[in-house]
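The sequence and the structure come first.

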There are 2 protein chains.
Amino acid sequence: MPAHAQTSTAAIVAAGRHLLEELGPDALTMRDVADMVGVRTPSLYKRVRSRADLFRLILEDVADELTVAIDAAVSSGDPAADLRAMLAAYRRLAHANPIAYTLMYAPQPVPGATERAERMSATLLRLAAELAGQRNALPAARTIVAWANGFITMELAGAFLLGGDVEQAWEFGLDRVLNAVRLPPPQP
Amino acid sequence: MPAHAQTSTAAIVAAGRHLLEELGPDALTMRDVADMVGVRTPSLYKRVRSRADLFRLILEDVADELTVAIDAAVSSGDPAADLRAMLAAYRRLAHANPIAYTLMYAPQPVPGATERAERMSATLLRLAAELAGQRNALPAARTIVAWANGFITMELAGAFLLGGDVEQAWEFGLDRVLNAVRLPPPQP
DNA sequence: TAAGCAAGGCTACGTGTGTTAGCCTTGATG
DNA sequence: CATCAAGGCTAACACACGTAGCCTTGCTTA
């Protein structure tokens, strides 16, 4: 290796993540990232293809953390309890990285989304199968994750504006949704 | 009134909406909007404060359509049936305007979101109260709309990658969630 | 009817950002 | 010791948003 590298892809991604969460997507400029890691702007392009690519790397980084946190939260063996712990961990990380989280479900999905989704889905699918039966595992998992994702997205967007206790609404929804997917289909 | 206006705020918003849905947020440039409505770029600033303001106007426009579509869908008098129709209309409009829809729950919420949310919530809250009782109306409404929003967000982002029938998953979740919010709390 | 006036176009320009081209230093390697 | 490429750098381009300030137009009113 020639001359000592003054930065690294990891440092660039970390700086980008910091700027993104601290000041929002528009404030994530190549200039400011370069300042943070101690090089001039064009040097970033030795590590990162483009600004869009940097966004992709940042979201991958957060997605990786999400996967790890989710898997670490599962332990008890009881599917309902495990799902509660998993979704709590999911929500906690989303709160810690609100902007990146929201961007993960933005239009123009980034390449590599498929693999990411599969990694994140494995544990969920297993638990959903235990809870709702193999036959309904996929729709049950989709119902659960749709509810959780929707709830978190809305609270992060500040869409829960009518007062009331948001925490209570989370518990309410969690109880009801987990219960609902394991019941037989309702009668009209 | 002096010299004939060659464009209008409505035309600008319509052009912006079209560009946004057709080519994505990055392609929504003031230049292209101006071309579409037949004026030069700086003339847009007589009607619109900034590009961010144009985004705001576009999202308001879509939100208004959403509100109208939702209210028009409610008719039968049966709360469950009305909710099904309402959510179907909601989803249909989201599919017709996927990028704008996703942007509505993006970071950095736009001003005016409060009023929008209240307008959109009125019907939902009434139906939720009929279905789940006055006491649980708010958390029930939040559970329903969180599920629907999450489901739609994920399918628009292409996050349902594991195959299976997405339509069936929608029906599955809809049945289960509507049923769940009117039941008494589950026993552990 | 003629003068005034402001809405709403326009051109020209400044600033900031992403990105590329191409050079130079550096230190590990044969 | 000579080579060589990784990884810095400066310079410059393209293009976007946004502002300044002018000019035309046609309604309004004395």
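Chain A can be laid on chain B with an RMSD of 0.0 Å by a turn of 180° and a shift of 0.0 Å along the axis; the superposition is by least squares on the C-alpha atoms of residues with pLDDT of at least 70 in both copies. That is the relation of a two-fold axis. The same surface serves both copies, as 100% of the contact residues of chain A recur in chain B. Two residues are in contact if their C-beta atoms, placed from the backbone, lie within 7 Å.

This is a predicted model, in which local features need pLDDT of at least 70 and side-chain atom pairs count only at pLDDT 80 or more, while totals for chains, interfaces and linings use all residues. Residues are numbered from 1 along each chain as its sequence is written, and chains are lettered from A and ligands numbered from 1 in the order in which they are written.

## The interface

In the interface, 46 residues of chain A are in contact with 46 residues of chain B. On the chain A side, the elements that give two or more residues are α5 (98-104), α6 (113-132), α7 (137-156) and α8 (166-182) of chain A. The largest share, twelve residues, comes from α7(A). By class, the side of chain A that touches chain B has 28 nonpolar, 14 polar and four charged residues. Here Ala, Val, Leu, Ile, Met, Phe, Trp, Tyr, Cys and Pro count as nonpolar, Asp, Glu, Lys and Arg as charged, and the others, Gly among them, as polar.

## The chain

Chain A has eight helices and zero strands. Helices (H or I, at least four residues) and strands (E, at least two) are DSSP runs, numbered from the N terminus. The C-alpha trace of chain A spans about 70 × 40 × 30 Å along its principal axes. Of the 188 residues in chain A, 40% are buried, that is, 20 or more other C-beta atoms lie within 10 Å of their own, with C-beta atoms placed from the backbone. Among the contacts in chain A with a separation of 6 or more, 63% are between residues 24 or more positions apart.

## Helix packing

Axes are lines fitted to C-alpha atoms, for helices over the stretch in contact, and angles run from 0 to 180 degrees between N-to-C directions.

| Helix pair | Angle | Axis distance |
|---|---|---|
| α4(A) and α7(A) | roughly 30° | within 11 Å |
| α4(B) and α7(B) | about 30° | 11 Å |
| α1(B) and α2(B) | about 120° | 9 Å |

The angle of roughly 30° between α4(A) and α7(A) makes α4(A) roughly parallel to α7(A). Angles under 35 degrees count as roughly parallel, over 145 as roughly antiparallel, 65 to 115 as roughly perpendicular and the rest as oblique. The crossing of α4(A) and α7(A) is right-handed, the near helix being turned clockwise from the far one by less than a right angle. Leu83(A), Leu87(A), Tyr90(A), Arg91(A) and Ala94(A) of α4(A) meet Ile144(A), Ala148(A), Ile152(A) and Leu156(A) of α7(A). This contact of α4(A) with α7(A) has eight nonpolar, no polar and one charged residues.

In chain B, helix α1 (residues 9-23) and helix α2 (residues 30-37) pack at about 120°, and that makes α1(B) oblique to α2(B). The crossing of α1(B) and α2(B) is right-handed. Ala11(B), Ile12(B), Ala15(B), Gly16(B) and Leu19(B) of α1(B) make the contact with Asp32(B), Val33(B), Met36(B) and Val37(B) of α2(B). The residues of this contact divide into seven nonpolar, one polar and one charged.

Terms used
Buried ≥ 20, exposed ≤ 12 C-beta atoms within 10 Å, placed from the backbone.
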